[in-house]
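Let's take a walk through this model together, strand by strand. Keep the viewer open as you read, and turn the view whenever a new residue comes up.

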Amino acid sequence: MKVRVEYAPVLENEVVLRCPRLDQEMLRVLSLVRSGLQKLCVWDENREIILLSPDETLYCESVDEHTFLYTASAFYQTALTLAELEGRYGELGYLRVSKSAVINLHRIRSLKSRTGGRIEASLENGERLVVSRHYAPLLRERLADMQRIACKEGDVLELSFGQRTVKVE
């Protein structure tokens, strides 16, 4: 896949996908673009409603039939279940890691193996979540998929800065 970014003095960002056919790779790109435009409707402890970008979330947790989202600086509540969050934002890196938690894979700082097939995930804010042994293989699989997608052989990235174009292969 060839990715090209052009910087231009325009009023609105524009995404154009060119492809000979709409295959799985292009459907995934389209899904990422669409889901990135969505906002999560959440509220804080003062019941103030906030529209939160999904990528701001570090992890989500279910406690006593309530779902909470944690960012680097605050926590919020949502009416969505963990299953709904994972379903809507799985393409953005949301992954179930236990019965009561969904993690944003892009916010993991480090991983450490634990006894019993579990994994400890350290997040950007220093918090730690335990990935249950049931979900650990899914985490490994998703991380491997992300690595393959990010480093696919033959991909070309073009960045345009006015008259100058930089090509990275």
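How many of the 5 residues of strand β10 (residues 119-123) are buried? The answer is 5 of the 5, so β10 is largely enclosed by the rest of the structure. Here buried means under 20% relative accessible area, exposed means over 50%, and partly exposed is in between, with a 1.4 Å probe and protein chains only. Strands (E, at least two residues) are DSSP runs, numbered from the N terminus.

A word on the ground rules before we go further. This is a predicted model, in which local features need pLDDT of at least 70 and side-chain atom pairs count only at pLDDT 80 or more, while totals for chains, interfaces and linings use all residues. Residues are numbered from 1 along each chain as its sequence is written, and side-chain values use heavy atoms, with hydrogens and water left out.

Back to β10. In a regular strand the side chains alternate between the two faces of the sheet. In β10, Ile119, Ala121 and Leu123 point one way, while Glu120 and Ser122 point the other way, and all are buried.

Now look at the strands that pair with β10; two strands pair if DSSP finds at least two bridges between them. Strand β9 (residues 108-113) pairs with β10 in the antiparallel sense over 5 bridges, and isoleucine 108 has leucine 123 as its bridge partner in β10. The hairpin of β9 and β10 has 5 residues between the strands, and there glycine 116 takes a positive phi near 75 degrees. Strand β11 (residues 128-131) also pairs with β10 in the antiparallel sense, over 4 bridges. In this pairing, glutamate 120 stands opposite valine 130 of β11. The hairpin of β10 and β11 has 4 residues between the strands, with glycine 126 at a positive phi near 95 degrees.

Next, follow the charges. The structure holds 3 salt bridges, each a side-chain nitrogen of Lys or Arg within 4 Å of a carboxyl oxygen of Asp or Glu. One of them joins the side chains of glutamate 124 and arginine 107 (2.5 Å, N to O). Glutamate 124 is in the loop between β10 and β11 and arginine 107 in the loop between β8 (101-104) and β9, so this pair ties together parts that are 17 residues apart in sequence. Glutamate 124 is partly exposed at 44% relative accessibility, whereas arginine 107 is buried at 19%.

Glutamate 120, which is buried at 14% relative accessibility, meets arginine 114 in a salt bridge between their side chains (3.3 Å, N to O). Arginine 114 is partly exposed, at 37% relative accessibility. Glutamate 120 also forms a salt bridge with arginine 128, where the closest N and O atoms are 3.6 Å apart. Arginine 128 counts as exposed, at 57% relative accessibility.

Threonine 67 lies in strand β5 and is buried, with a relative accessible area of 7%. Leaving aside neighbours within four places in sequence, threonine 67 is in contact (heavy atoms within 4.5 Å) with residues including Glu61, Tyr76, Leu82 and Leu85.

Threonine 71 lies in the loop between β5 (66-70) and β6 (75-78). Which class does threonine 71 fall into, buried or exposed? At 8% relative accessibility, threonine 71 counts as buried. Beyond its neighbours within four places in sequence, threonine 71 is in contact with Leu52, Glu56, Thr57, Leu58, Tyr76 and Asn125.
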